[in-house]
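The two exercises below are meant to be worked through with the coordinates open. Try each task before reading its solution.

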Amino acid sequence: MPNYRKTRPQRGGQGGRGRAPFNKNSSNRNGGGQRRPNKRRGAYIHPSKFINQASTVNVVAEYQARHRFADFPFVEAIQANIRSQGYKVPSAIQDQAISHIMAGRDIIGLANTGTGKTAAFLLPIINQLYASRKPLSAIVLAPTRELAQQIDDQFRIFSSGMKLYSTLLVGGAPINKQIASLRRRPHIVIATPGRTMDLIKRKVLRLDDIDVLVLDEADRMLDMGFVGDIRTITSQTPEDRQTLFFSATITPQVEQLTKEFLRDPKTISVRTADTSESVDQNVVEADSKEEKMEKLMEMLGQDEFEKVLLFGETKHGVQRLSDRLNKQGVNSVAIHGNKSQSQRKSALKSFKDNQSRVMVATDVAARGLDIPNVSHVINFDQPATYEDYVHRIGRTGRAGATGKALTFVGKR
Ligand code: AMP
């Protein structure tokens, strides 16, 4: 993986459109883990699959970009915003996708989080919006609230000073504010599928002027059972739109969707080698919850456990674990589907800013999050599937660093 990552600057201020606190009465069916993934719970994973030594660290060659940002015909305001982010060279996906996107082509981007895919699609979109200033001409669909929020944050950074407006449409935030924001005719909406459906049904969101449709982390959206919603939403957009489709994996279902939605797409694959290769993986044996807790506290007593992402199975289990850690003097936050949007946001910020050393999470809540420098992933509860396991441990060992993953298993 190219070594281009840097810590994302935090945006100041909370306010913003569509970011009000959770409203219990509002629709809460989309994004951020409210939906149960259609997975086989409890499939047995042999403990040997949780043990693996990281192969040599940092052997991934630095990607040699063929373009500089200055080579892309972005307006100067965008170039300035890129510079102010400190981005020096385009990442592989940016290097290979931007020209095609600017030429109006459909794209299949095989890229996971951390590759810079967000800027790869946002920069050309912002350039186009700046020229057309056409309201509601782009929509980005993402699987979770947090991912949608991250995309919106990046949109605001890269369109800063350009008088372009976005609306974030996610569950867990009051729908009325989102409706009011849509009435102001934003140029782009960034949304999770469930809330998008809701707003289409209420006839406050119309997609018949859409020029660009982005499906981000399409594989995750399918995993979360959004396929019907995605088909319905796409069918509301004009057929001659441009479609930018991103997915970390190509499954038969993903392939089927690309056939339905894209026309003569250009495929760009920048998937980093199996992330798990850069993660030292091992198991910790413990039989009871208490024994797990003791061993966990022992680990957290060591300095090397600097920034720990701890996975639990259920929302309640995750909350209890986090409460318990706090009681025992380990600063921790929890992130799961029962948390309001603003609570998740502040938990994530606290973990990212190193105010909390531990973040306890469910699988769905942690999906797609870009959290730099996680030293350890600990699976307090085992993941339901090996695929979930790979996603979990992919949160560490990023950007050329070795990460560590530990999984609790019963004694043999
Ligand atoms: P993404 O894969 O879009 O979630 O991006 C991962 C992280 O890489 C984000 O924190 C971006 O701000 C950062 N990033 C994206 N592109 C570049 C670049 N060309 N140079 C430096 N950092 C970048």
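**Exercise 1.** How many Å separate an oxygen atom of the ligand from a polar backbone atom of Gly116? Then describe the surroundings of the ligand by its polar approaches, its shell and its cover.

*Solution.* Bear in mind throughout that this is a predicted model.

Step 1. The separation between a polar backbone atom of Gly116 and an oxygen atom of the ligand is 2.7 Å, which falls within the 3.5 Å limit for a polar contact.

Step 2. Of the 500 Å² of accessible area that the ligand has on its own, the protein covers 98%.

Step 3. The ligand is surrounded by 17 residues, with Tyr87, Gln94, Gly114, Gly116 and Thr118 the closest, and the shell comprises 8 polar, 5 nonpolar and 4 charged residues.

**Exercise 2.** Is His376 buried or exposed, and which residues does His376 touch beyond four places away in sequence?

*Solution.* 

Step 1. Locate His376 in strand β12, which spans residues 376–379.

Step 2. The relative accessible area of His376 is 2%, and the limit for buried is under 20%, so His376 is buried.

Step 3. Setting aside residues up to four places away in sequence, His376 touches Glu304, Phe305, Lys307, Val308, Leu309, Thr396, Lys404 and Leu406.

Step 4. Finally, turn to the sequence neighbour Ser375, whose side chain is joined to that of His376 by a polar contact of 2.9 Å.

Key. Residues numbered from 1 in each chain as written. Predicted model: local features only at pLDDT ≥ 70, side-chain atom pairs only at ≥ 80, totals over all residues. Heavy atoms only, no water. Helix = DSSP H or I, 4+ residues; strand = E, 2+ residues; numbered from the N terminus. Buried < 20%, exposed > 50% of the residue type's maximum accessible area, 1.4 Å probe, protein only. Polar contact = N/O pair within 3.5 Å; in protein donor to acceptor, adjacent residues only side chain to side chain. Contact = heavy atoms within 4.5 Å. Near = heavy atom within 4 Å. Areas by Shrake-Rupley, 256 points an atom, 1.4 Å probe, with all protein chains shown as cover. Nonpolar A, V, L, I, M, F, W, Y, C, P; charged D, E, K, R; others polar.
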